Amino acid sequence: MRTTLALVLIGALAIAACGKTETPGTAAKTGGLEVVDDAMLAAADLADGQKDHVVSKCAVCKLGMDGLAEHTSRHKGYEFRLCSAHCKETFDYDPDAVIRRLPRSTS
């Protein structure tokens, strides 16, 4: 009886999960963390009004400070200009974590 009940529950769970897809407009997640995607990078790129794969505002300071060429890092095809050596170290340690914390465009 217990075996039958267990099999029924497993089958019900499998059927309930079957066909589930990610809701459109939501970022994929891995291990509970949002995956940095092209839209996030493009939004950071446009923070200075230019689409040039150069994020000229400091990503660690959440795009509030101007970045400097001497504190530049590259990640996923983009150049990130950070405002200080400390921000560059923070970014270089875990760039995806920094990018996930950036403000999202509401448009």
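D66 sits out in the open: with a relative accessible area of 53%, the residue counts as exposed. Keep in mind that this is a predicted model. The partner of D66 is K57, and the closest N and O atoms of this salt bridge are 2.7 Å apart. K57 itself is partly exposed, at a relative accessible area of 23%.

How many salt bridges turn up in a search of the whole structure? The count is five, and the K57–D66 pair is one of them. Side chains of opposite charge can pair when their charged atoms come close.

Now for E79, which is buried, with a relative accessible area of 15%. That label applies because buried means under 20% relative accessible area. E79 forms a salt bridge with R74, where the closest N and O atoms lie 3.4 Å apart. R74 is exposed, at a relative accessible area of 64%. E79 also forms a salt bridge with R81, with 2.9 Å between the closest N and O atoms. R81 is partly exposed, its relative accessible area being 27%. Through shared partners, the salt bridges link R74, E79 and R81 into one network.

Here are the pairs discussed above, side by side.

| Salt bridge | Closest N and O atoms |
|---|---|
| K57 and D66 | 2.7 Å apart |
| E79 and R74 | 3.4 Å apart |
| E79 and R81 | 2.9 Å apart |

How values were computed
Residues are numbered from 1 along each chain as its sequence is written. This is a predicted model: local features need pLDDT of at least 70, side-chain atom pairs count only at pLDDT 80 or more; totals for chains, interfaces and linings use all residues. Side-chain values use heavy atoms; hydrogens and water are left out. A salt bridge is a side-chain nitrogen of Lys or Arg within 4 Å of a carboxyl oxygen of Asp or Glu. Buried means under 20% relative accessible area, exposed over 50%, partly exposed in between (1.4 Å probe, protein chains only).
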